[in-house]
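Visitor: Could you take me on a close look at a single part of this protein? I am new to reading structures, so please go step by step.

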Amino acid sequence: MAAALQVLRHLARAPLSPLLWGGPLARLASSMALAEQARQLFESTVSAVLPGPMLQRALSLDPDSGQLKVRDRSFQLQQNLYLVGFGKAVLGMATAAEELLGQHLVQGVISVPKGIRAAMESAGKQEMLLKPHSRVQVFEGAENNLPDRDALRAALAIRQLAEGLTADDLLLVLISGGGSALLPAPIPPVTLEEKQTLTKLLAARGATIQELNTIRKALSQLKGGGLAQAAYPAQVVSLILSDVVGDPVEVIASGPTVASIHSVQDCLHILNRYGLRAALPRSVKTVLARADSDPHGPHTCGHVLNVIIGSNALALAEAQKQAEALGYRAVVLSTAIQGDVKSVAQFYALLARVAGARLTMPGAGASVEEDEQLYELAAELQLPDLQLKEALEAVVGTRGPVCLLAGGEPTVQLQGSGKGGRNQELALRVGAELGRWPLGPIDVLFLSGGTDGQDGPTEAAGAWVRPELISQAAAQGLDVAAFLAHNDSHTFFCRFQGGAHLLHTGLTGTNVMDAHLLFLQPR
């Protein structure tokens, strides 16, 4: 084991390079080489959506005229530019924005995750840190991605800045994943604790991020267009790093610069679906009772320009390019993976079997029954952009290795009190499924990682697995089914082979949901 770890550390320092599939190099430590390439491809996925490059692509400033250009719109800067932001990537976004805008920026307030400045500093990521005499005030809060008193103070400071603006001002709003938890401003008499409890209950029962955000908006002063209304009559430009399937601007961070389109009835339908309507606090009932379909004012935000500057699709496109450079036949399956993590795991495992059979036995392939099961599973998941047929057709006739890429955000229904996150749970479930049947002369590896670098309340971004996981775990006395029954995936991976299968990146400073990488390598 010690020797294997030495080889892995050597590979970690080596540059990305294609393997000579089928030759001696491919056979030498092929398992570890495959795992290392998976890790490096995940890192390239994250690198594509780091804050600095994204801001530089989105903004251009003419230093002579003071004209700021965003897409096809131009804004005149004359000591009238203000900045607010909230999200896991916003510290780096604000740093890049201030570097670009210089003295034109009058004042800024951002709300970022607790401990992120210290984490970036210890990681040597100076490009993510504001200068000592920055005009941007930083609030840290929302520990473990949960709204708290620190985040509430930040939200109130952001509201105060926005409300003080005039028609001559321009407000630059930086938004990224995690923004909802970092911008809590409940409508009185709802308290932060009441709103947080309701959100936790919904999440524990499997509510989607869209459903969570619908409830958050209905109970918030700033979400659902509330921030845009607070800033009126100032012009507002929102630069958005999407962490939501399909990149809907009204859902990302609960749409603080997009007027809400949801009604009270939508909220009640969600609460009924998860059996929570009867248990609502009186304060929540009061707010819902007096709200109409748009509690934040006008149905349009004509003074707002919302721009998506980074997304899961952009990240996966870069990973696809890097995978092809390594000699893989790479195909993006979907950027909209969602649904229960159990079903998603079954889909990936069956996909590995069906695609693997076509790769190693082009004339035969998997059984008709397995093909039908795969398409049935895909239909149940209702993935709007799934390129399953195209991916399987691409595999046929491919002699070398294949990398199937996908992204999204599955949900986990909590049944136990273990420690984990959706990426580690998905990886563990895929590993368990892969071990259920022989896969033939092919090496398979599956990796799932959160692009923000933090999977649930853990220090890992995710994990990777191979079909041998079940047998290897059993040899260590680890019962995979028992860990899954308690949603205790992180504890499992910490104990399994000394934690070697955990994906550790540290906080990345960005967030575009999760990346799923499925590798198929003929022996």
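Guide: Happy to! In this predicted model, the axes of helix α14 and helix α15 (residues 368–381) come within 9 Å and cross at roughly 145°. That crossing is left-handed. On the α14 side, the residues making the contact include Phe347, Leu350, Leu351 and Val354, while among those of α15 are Leu374, Leu377, Ala378 and Leu381. Charged residues take part too, including Arg353 of α14 and Asp371 of α15. Sorted by kind, the contact has nine nonpolar, three polar and four charged residues.

Now let us turn to the sheet. It is an open one of six strands, in the order β10-β11-β15-β12-β13-β14, and its pairing is mixed. Because β10 (329–337) and β14 (502–503) stand at the edges and have a single partner strand each, one side of each is left without a neighbour in the sheet. Further in, β11 (residues 402–408) and β15 (residues 514–522) pair in the antiparallel sense over seven bridges. Here you can find cysteine 403 opposite phenylalanine 519 in β15.

How does our helix meet this sheet? Helix α14 (residues 341–360) packs on it, touching β10, β11, β12 (442–450) and β15. The direction of α14 makes about 30° with that of β15. Another helix, α16 (residues 388–395), lies across β10 and β11 and runs at about 165° to β10.

Notes: Residues numbered from 1 in each chain as written. Predicted model: local features only at pLDDT ≥ 70, side-chain atom pairs only at ≥ 80, totals over all residues. Heavy atoms only, no water. Pairing = 2+ DSSP bridges. Helix = DSSP H or I, 4+ residues; strand = E, 2+ residues; numbered from the N terminus. Contact = heavy atoms within 4.5 Å. Axes fitted to C-alpha atoms, helices over the stretch in contact; angles between N-to-C directions. Left-handed = near helix turned anticlockwise from the far one by under 90°.
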